[in-house]
Amino acid sequence: MNSQCCGFYSATGVIFMTFVYVMLSTQPFFITGIDNVEEARSNAFGAMIMFCVTFAISAVLISKEQKSSTAREYDTGAEDQNLLNVDLKNNYGSVPTDSY
């Protein structure tokens, strides 16, 4: 599950940093507050590469998790022994009459 979250985060980072890199390459005058456009473009490219590496690692871990556990089985026990529903089955519709 953690690798899926990390993969989503890194994919979003790749998309955003690609946008920033393209904007700094084609129209840097639309991004204000940058003194050195070349350095900002280089930093955006470096961040995009790091997000790509993180996404690749996450993709490998996701595929490894899927291969190791193809289907998880949850044993809840017999129907009458299911602890989540015992109280609901025994007391459904009843109103407590005793006060403490």
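Colleague: Among contacts in the chain between residues at least 6 apart in sequence, what percentage join residues at least 24 apart?

Modeller: Happy to start there: 62% of those contacts join residues at least 24 apart, where contact means heavy atoms within 4.5 Å. This is a predicted model, with local features needing pLDDT of at least 70, side-chain atom pairs counting only at pLDDT 80 or more, and totals for chains, interfaces and linings using all residues. Residues are numbered from 1 along each chain as its sequence is written, and side-chain values use heavy atoms, leaving out hydrogens and water.

Colleague: Why is Ser10 called buried?

Modeller: Buried means under 20% relative accessible area, exposed over 50% and partly exposed in between (1.4 Å probe, protein chains only). Ser10 has 0% relative accessibility, so the residue counts as buried. Ser10 sits in helix H1, residues 2–26, and touches Phe51, Thr54 and Phe55, leaving aside residues up to four places away in sequence.

Colleague: And what makes Cys5 exposed, and Cys52 partly exposed?

Modeller: The same cut-offs apply. Cys5 is exposed because its relative accessibility is 53%, while Cys52 counts as partly exposed because its relative accessible area is 34%.

Colleague: How do you know how many disulfides there are?

Modeller: A disulfide is a pair of cysteine sulfur atoms within 2.5 Å, and by that rule the count is zero. Cys5, for one, is in no disulfide: the nearest cysteine sulfur, that of Cys6, is 7.2 Å away.

Colleague: What makes up the secondary structure of the chain?

Modeller: Three helices and zero strands, taken as DSSP runs numbered from the N terminus (helices: H or I, at least four residues; strands: E, at least two). The order from the N terminus is therefore written α-α-α.
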